[in-house]
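Take a look at the sequence and the 3D view, then read on for a guided walk through some of the details.

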Amino acid sequence: TPSPTGKPQSIKKVLPSIEHFVEQERGLKFKHPVKAKVLGDKAFLKQLHKGDKPPSHKAIEATLGTLSSMGLVGPHTDIAKAFKDAYDSGTLGFYDFKTKRLYVRGTAATPGVRAVLSHELTHALTDQWFGLNRPKLEHRNDESQSAFTGLVEGDAERTRLAYESQVLTPTERTEAEKEEQ
């Protein structure tokens with residue numbers, strides 16, 4: 001929602017309306033407010049990678065083998081760097097279920113940021129009601145973790161798509177898509 005000056009409003013100002021949309025879309029109320037931390041690029045990337053472990057050589061080789069066999073990347077691509085670069089540049093916000101906080105890159109509530117906030121606030125709402133921290137799934141010898149992740153991400157994406165189609169104008173949807181690339 002642009003301000004009267006035509007510039008995007010602040011993130012703190014638009015959060016309540018996006019929270020309300022998420023509640024309506026999901027049919028649940030937030031049990032308590034979601035703490036949001038707005039960060040500059042450097043601080044955001046530091047928070048994004050906090051606790052990251054570098055992928056194993058075996059995992060990198062397997063991923064590179066799969067992607068290069070499908071012709072998606074060359075066989076000598078630095079896949080770890082490519083993924084990190086894409087992740088770093090394409091992430092506008094995230095919900096951390098361990099800290100129960102929403103982290104947002106920058107201060108302007110651009111269309112892309114607002115769409116991402118609807119996705120991430122859906123994670124926060126789901127976490128408040130059902131819990132997202134499921135460490136036992138990581139150690140199972142089946143695809144439970146992948147199934148759970150698919151369910152959680154699919155739910156948040158459905159809400160984001162609803163937000164984009166119901167709240168954003170066609171021009172804002174185009175802007176959001178550009179930002180998320």
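Helices (H or I, at least four residues) and strands (E, at least two) are DSSP runs, numbered from the N terminus. Lys 100 sits in the loop between E2 and E3. Most residues other than glycine have a negative phi. Lys 100 is a residue other than glycine, yet its phi is positive. With a relative accessibility of 39%, Lys 100 counts as partly exposed. Here buried means under 20% relative accessible area, exposed means over 50%, and partly exposed lies in between (1.4 Å probe, protein chains only).

Before going further, two notes on how to read this account. This is a predicted model, in which local features need pLDDT of at least 70 and side-chain atom pairs count only at pLDDT 80 or more, while totals for chains, interfaces and linings use all residues. Residues are numbered from 1 along each chain as its sequence is written, and side-chain values use heavy atoms, with hydrogens and water left out.

## The whole chain

How many helices and strands does the protein chain have? There are 8 helices and 3 strands, and along the sequence they follow the pattern α-β-α-α-α-β-β-α-α-α-α. The C-alpha trace spans about 50 × 35 × 30 Å along its principal axes. Of the 181 residues, 37% count as buried. Contact means heavy atoms within 4.5 Å. If you take the contacts between residues at least 6 apart in sequence, 70% of them join residues at least 24 apart.

## The sheet

The 3 strands make an open sheet in the order E1-E3-E2, with mixed pairing. Strands E1 (35–39) and E2 (93–96) stand at the edges with a single partner strand each, so one side of each has no neighbour in the sheet. On average, neighbouring strands of this sheet are turned by 20° against each other, direction ignored. Two strands pair if DSSP finds at least two bridges between them. The two pairings can be set side by side:

| Strand pair | Sense | Bridges | A bridge pair |
|---|---|---|---|
| E2 and E3 | antiparallel | 4 bridges | Gly 93 with Val 104 in E3 |

Is strand E3 enclosed or open, and why? In E3, 4 of the 5 residues are buried, so this strand is largely enclosed by the rest of the structure. Helix H1 (residues 11–26) lies across E1 and E3 and runs at about 145° to E1. Axes are lines fitted to C-alpha atoms, for helices over the stretch in contact, and angles run from 0 to 180 degrees between N-to-C directions.

## Two helices that cross

Two packed helices are described by the angle between their axes and the distance between the axes. Helix H3 (residues 57–69) and helix H4 (residues 79–90) have axes that come within 9 Å and cross at roughly 85°.

## Two buried leucines

Leu 121 lies in helix H5 and is buried, with a relative accessible area of 0%. Leaving out residues up to four places away in sequence, Leu 121 touches Leu 15, Ile 18, Glu 19, Val 22, Phe 30, Val 34 and Leu 102.

Leu 132 belongs to the loop between helix H5 (111–130) and helix H6 (135–138). Leu 132 is buried too, at a relative accessible area of 10%. Beyond its neighbours within four places in sequence, Leu 132 has contacts that include Tyr 95, Phe 97, His 123 and Phe 148.
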